[in-house]
Amino acid sequence: MAHHFHLTIHLVLCLSCVVTLSLAQSSNLPFKAVNLGCWLVTEGWMKPSLFQGIPNKDLLDGTQVQLMSTKLQKYLSAESGGGTIVVANRTSASDWETFRLWRVDETTFNFRVFNKQFAGLEGYQNRIAAAATAPGNSETFQIIRKEGDPNRLHIKASNGKFLQAQSDTLITADYEGSGWEDSNPSVFKINIVNTPQGEYQITNGYGPDKAPQVMQDHWNTYITDEDFRFMSSNGLTAVRIPVGWWIALDPTPPKPFVGGSLKALDNAFTWARKYGMKVIVDLHAVQGSQNGNDHSGTRDGFQEWGDSNIKDTVAVIDFLAKRYANNPSLAAIELMNEPRAPGVTLDNLKNYYKSGYDAVRKYTPSAYVILSNRLGNADPTELLSFAGNFNHVVIDVHFYNLYLDEFSNMNVQQNIDYIKNQRASALKTVTTSNGPLSFVGEWTAEFARNNGASMQDYQNFAKAQLDVYGLATFGWAYWAYKCQYEHWSLKWMIENNYIKL
């Protein structure tokens, strides 16, 4: 009898544990979260000082450059976008006249053209063509900048001689003179169109001798125990932490990436537990790049993630799920941040999301799996019925009143009205009663036309978003916790009474 009595008590206790656990899991929702952006995936626009010590810091991987012959007053151009000769016959520059740098060291580069081939020295009369599919010695050039006028340069080929524009259609590497005058056929003026500043750029920019220390110092100081204390004491219940695919190969990821970000992520889990917060691990950068943005870990801005990358990307999710599945602070794993349509096809994305979901479920039945909606021209409801096949899944949408022309002339009240109407409606379309949960995984209190905006304007705009995004069933995550631009920094917004959570 006593044995049965104890068994009954034990069962009741176990059942109450299960009920308590499931209530605790759901009572955390919806999350009030913040993105720890620019911590484990670098974004130079958020903290430019990270890049200050790089030599030739305006010539990083993926920097888009246009090169004008001073003698001809015409731009170098990969004829037909690549696959044939390089010419100098354009008076204005567009896609064919834009080269993307691959940095070999601080003065040595490859030039990638519009159709993705590399410019190089071909045997015939030392001519320059853009036909190589991968860079070798012949596709490697040294850039020599004029002292005091760094936009004026000579380009030395692998044969030790300088490029010269002999005529509109004849670019050769056989000049042996010197001098910087306009009439010199080996002088070019560089126009820098765009310098990306992501993880690839900073690690390859500093190089293998310096990058490990620069990154370690950043990881150790940018987010600390004190930040988790601050977040939790100001009403935040979770963090969304962007990570890069190279974290799964820590401590010796492929170059130029450097090891150490995994220890930082481990620390975040420790701090989250200490202060009663939850962690959303967000795979922000994937091999091949899912959107071409700096924060995807891309080398040169080409968006190339596809079917051939699925297996490797699932392996990263498997690694993260295995490591953190039993950690009480894990709330969710986001399978991929901001895939862009049409480059990432819906079929490939669904195949990946199914495999990624299965990888997480191997280790945990309860952690949420987050599916990011596609950026670009895509139906915001395209994942809803698909997501209905899974348990504990979330659809992530990102809302910024920025970047598009429609926002450029909106005043504060128009921005607020847009939140209350269009954003509320958009959120409603991905919020279902019995399907996946909804998550506004990125938003910020900055808006496009902000000249002359008052503190009250920002407070009103922030509050309107909190009111609307508070209806997301999984919650929201502000971008970001820290940033050089004040209104992008939730820490600054809280400290200066611009927002109350």
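Reply: On a 1 Å grid over the protein atoms alone, a cavity is a set of points where a 1.4 Å probe fits but cannot get out, and lining residues have an atom within 4 Å of a point. A volume is the space filled by probe spheres set on the points, with grid points joined across faces, edges and corners. This is a predicted model, in which local features need pLDDT of at least 70 and side-chain atom pairs count only at pLDDT 80 or more, while totals for chains, interfaces and linings use all residues. Residues are numbered from 1 along each chain as its sequence is written, and side-chain values use heavy atoms, with hydrogens and water left out.

Me: How many cavities of 30 Å³ or more does a search of the whole structure find, and which residues line the largest cavity?

Reply: The search finds 2 of them. The largest cavity holds about 70 Å³ of space, and its lining consists of L67, L76, V86, F99, F111, A119, I128, F141, I155 and L163. For residue classes, Ala, Val, Leu, Ile, Met, Phe, Trp, Tyr, Cys and Pro count as nonpolar, Asp, Glu, Lys and Arg as charged, and the others, Gly among them, as polar. On that basis the lining of the largest cavity has 10 nonpolar, no polar and no charged residues.

Me: What is the volume of the largest pocket?

Reply: A pocket is an open set of grid points with protein on both sides within 12 Å along at least five of seven lines. Here the largest pocket has a volume of about 1,100 Å³. Its lining comprises 38 residues, and the closest to its centre are E338, L375, H398, Y400 and Y403. Helices (H or I, at least four residues) and strands (E, at least two) are DSSP runs, numbered from the N terminus. Strand 18 (393-398) and helix 8 are the elements that give two or more residues to this lining, and helix 8 gives the most, with 5 residues. By class, the pocket lining has 16 nonpolar, 11 polar and 11 charged residues.

Me: At what angle do helix 8 and helix 9 pack?

Reply: Two packed helices are described by the angle between their axes and the distance between the axes. Axes are lines fitted to C-alpha atoms, for helices over the stretch in contact, and angles run from 0 to 180 degrees between N-to-C directions. Helix 8 (residues 412-429) and helix 9 (residues 455-469) pack at about 10 degrees, with their axes 10 Å apart. Helix 8 is therefore roughly parallel to helix 9, a description for angles under 35 degrees. Contact means heavy atoms within 4.5 Å; the residues that meet include I416 and I419 in helix 8, and F461 and A464 in helix 9. This contact has 9 nonpolar, 3 polar and 3 charged residues.

Me: Is C38 buried or exposed, and which is Y403?

Reply: Buried means under 20% relative accessible area, exposed over 50%, and partly exposed in between (1.4 Å probe, protein chains only). C38 counts as buried, at 1% relative accessibility, whereas Y403 counts as exposed, at 64%. C38 has a positive phi of about 65 degrees although it is not a glycine, and lies in the loop between strand 1 (31-35) and strand 2 (64-69). Y403, also not a glycine, has a positive phi of about 75 degrees; the loop between strand 18 and helix 8 holds Y403.

Note on methods: Parallel < 35°, antiparallel > 145°, perpendicular 65-115°, else oblique.
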